[in-house]
Amino acid sequence: FFSDFVHDINVTDIVPGTNGSNKVICPGAASSHPPQNRSVMFSSGNNTGFELFEEWWNKSQTVPFYLIAVLLPLLNLKSPSFFAKFNVLGTVSVVYLVFLVTVKAARLGIHLEYNWFTENDFFVPEFRILFPQLTGVLTLAFFIHNCVITLLQNNRNQENNVRDLSVAYFLVGLTYLYVGVIIFASFPSPPLSKECIEQNFLDNFPSDDIMSFVARIFLLFQMMTVYPLLGYLARVQLLRQFFGNAYPSVFHVLILNVAIVGAGVAMARFYPNIGGIIRYSGATCGLAFVFVYPSLIYMISLHRAGQLTWPALIIHIFIILLGLANLIAQFLL
């Protein structure tokens with residue numbers, strides 16, 4: 001934001017977008033422009049400074065390495081209560097994102113095409129063969145329950161876990177549904193296509209958009225609260241499984257955290273595709289923890305009790321095959 005402001009760069013010069021005070025852009029369409037012509041197309045008075053900044057500040061090549069200095073120390077903290085309380089502050093960013101989406105939708109209006117029987121370039125059908133991409137993401141939502149249970153073990157009043165978890169899932173689901181539906185409905189199509197919606201919808205707003213700039217700061221803050229919590233959950237489940245202690249030593253924790261951060265940096269560097277990461281990991285982990293393990297354990301328990309029937313066996317085998325099909329579909333579509 002500050003670099004573009006200083007160098008008087010207008011990203012809408014090379015990226016297709018809408019006109020007016022509430023600009024929306026389609027970054028994916030800019031890939032057709034040759035990289036060597038990029039600096040020429042900008043209305044900048046100091047291209048050298050901009051090119052130098054682009055070299056040192058790239059969200060997939062350099063920024064992930066800068067974040068190591070911030071996130072790695074947070075992962076090594078021992079107190080689980082700190083992670084839980086620190087994570088609560090991330091709610092502020094969620095509230096702002098909901099506010100941002102509401103304001104943008106009010107300004108842009110609703111853009112939906114309902115011409116089912118006439119050909120229209122801007123019409124998006126309600127059902128497409130690509131729907132397994134959504135089921136892969138949804139499977140991760142079920143798999144994350146495995147992590148939530150670990151976090152709830154530290155609650156003082158265990159009898160309230162079911163109530164608290166139900167409220168949490170309802171609020172999270174409502175938030176995702178609201179943001180997803182509103183962004184899709186208000187995206188200006190025409191003139192842009194709904195296919196232009198980025199996996200991070202903030203990328204659909206130009207860098208000089210003040211509200212999006214603030215939202216990116218809030219989103220960074222939210223990720224800084226969620227990331228250590230997920231690291232703690234991984235630490236508890238892995239180290240307790242292998243060493244019988246969630247914090248066997250500083251050395252053990254440091255090695256694990258370096259591996260976690262290294263994996264994250266590698267993905268950000270070589271595969272910065274958050275939607276693909278979510279659905280691949282969700283379908284893979286979900287196959288084990290959502291479809292296979294619960295079904296096998298339930299069938300084994302019924303078999304030992306002498307209560308396993310053919311209908312129960314067929315139903316649970318079908319559930320396992322459904323999870324396998326969900327995983328295979330992620331790599332075919």
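How many helices and how many strands are there in the protein? There are 13 helices and 0 strands, where helices (H or I, at least four residues) and strands (E, at least two) are DSSP runs numbered from the N terminus. This is a predicted model, in which local features need pLDDT of at least 70 and side-chain atom pairs count only at pLDDT 80 or more, whereas totals for chains, interfaces and linings use all residues. Residues are numbered from 1 along each chain as its sequence is written, and side-chain values use heavy atoms, with hydrogens and water left out.

**Overall fold and confidence**

- From the N terminus on, the elements run α-α-α-α-α-α-α-α-α-α-α-α-α, and the C-alpha trace spans about 75 × 60 × 35 Å along its principal axes.
- The mean pLDDT of the protein is 84, with 90% of its residues at 70 or more; pLDDT is the predictor's confidence in each residue, from 0 to 100.
- Among the elements, helix H2 (residues 38–41) has the lowest mean pLDDT, 41, while helix H13 (residues 310–332) has the highest, 94.
- Over residues 33–45 pLDDT stays under 50, and for this stretch the model has 22 contacts beyond four places in sequence, a contact meaning heavy atoms within 4.5 Å.

**Annotated transmembrane regions**

- An unreviewed UniProt entry annotates residues 89–110, 130–152, 164–185, 213–234, 246–271, 277–300 and 312–332 as "transmembrane region"; the positions are given in the numbering used here, feature names are shortened, and annotations may be inferred rather than shown by experiment.
- Residues 246–271 are 81% helix and 0% strand, with their end C-alpha atoms 31 Å apart.
- Residues 312–332 are 100% helix and 0% strand, and the end C-alpha atoms of this span lie 30 Å apart.

**Helix H7 against helix H12**

- The axes of helix H7 (residues 132–143) and helix H12 (residues 274–304) come within 7 Å and cross at roughly 55 degrees; axes are lines fitted to C-alpha atoms, for helices over the stretch in contact, and angles run from 0 to 180 degrees between N-to-C directions.
- That angle makes H7 oblique to H12, given that angles under 35 degrees count as roughly parallel, over 145 as roughly antiparallel, 65 to 115 as roughly perpendicular and the rest as oblique.
- H7 passes H12 in a left-handed crossing, a term used if the near helix is turned anticlockwise from the far one by less than a right angle, with right-handed used if clockwise.
- On the H7 side the contact includes Gln133, Gly136 and Phe143, and on the H12 side it includes Ile278, Arg279 and Phe291.
- By class, this contact of H7 with H12 has 10 nonpolar, 6 polar and 1 charged residues, where Ala, Val, Leu, Ile, Met, Phe, Trp, Tyr, Cys and Pro count as nonpolar, Asp, Glu, Lys and Arg as charged, and the others, Gly among them, as polar.

**Helix H4 against helix H11**

- Helix H4 (residues 63–75) and helix H11 (residues 250–270) pack at an angle of about 155 degrees with their axes 10 Å apart, and they are therefore roughly antiparallel to each other.
- H4 passes H11 in a right-handed crossing.
- Pro64, Phe65, Ile68, Leu72 and Leu75 in H4 meet Asn257, Val258, Val261, Val265, Ala268 and Arg269 in H11, and these contact residues divide into 9 nonpolar, 1 polar and 1 charged.

**Helix H8 against helix H10**

- The axes of helix H8 (residues 145–152) and H10 come within 10 Å and cross at roughly 85 degrees, which makes H8 roughly perpendicular to H10.
- Asn146, Cys147, Thr150 and Leu151 in H8 meet Leu229, Leu233, Val236 and Gln237 in H10, a contact of 5 nonpolar, 3 polar and no charged residues.

**Cis peptide bonds**

- The peptide bond from serine 189 to proline 190 is cis, with omega near -5 degrees, and proline 190 is placed in the loop between helix H9 (161–186) and helix H10 (210–243).
- A cis peptide bond also joins proline 190 and proline 191, with omega about 10 degrees, and proline 191 is found in the loop between H9 and H10.
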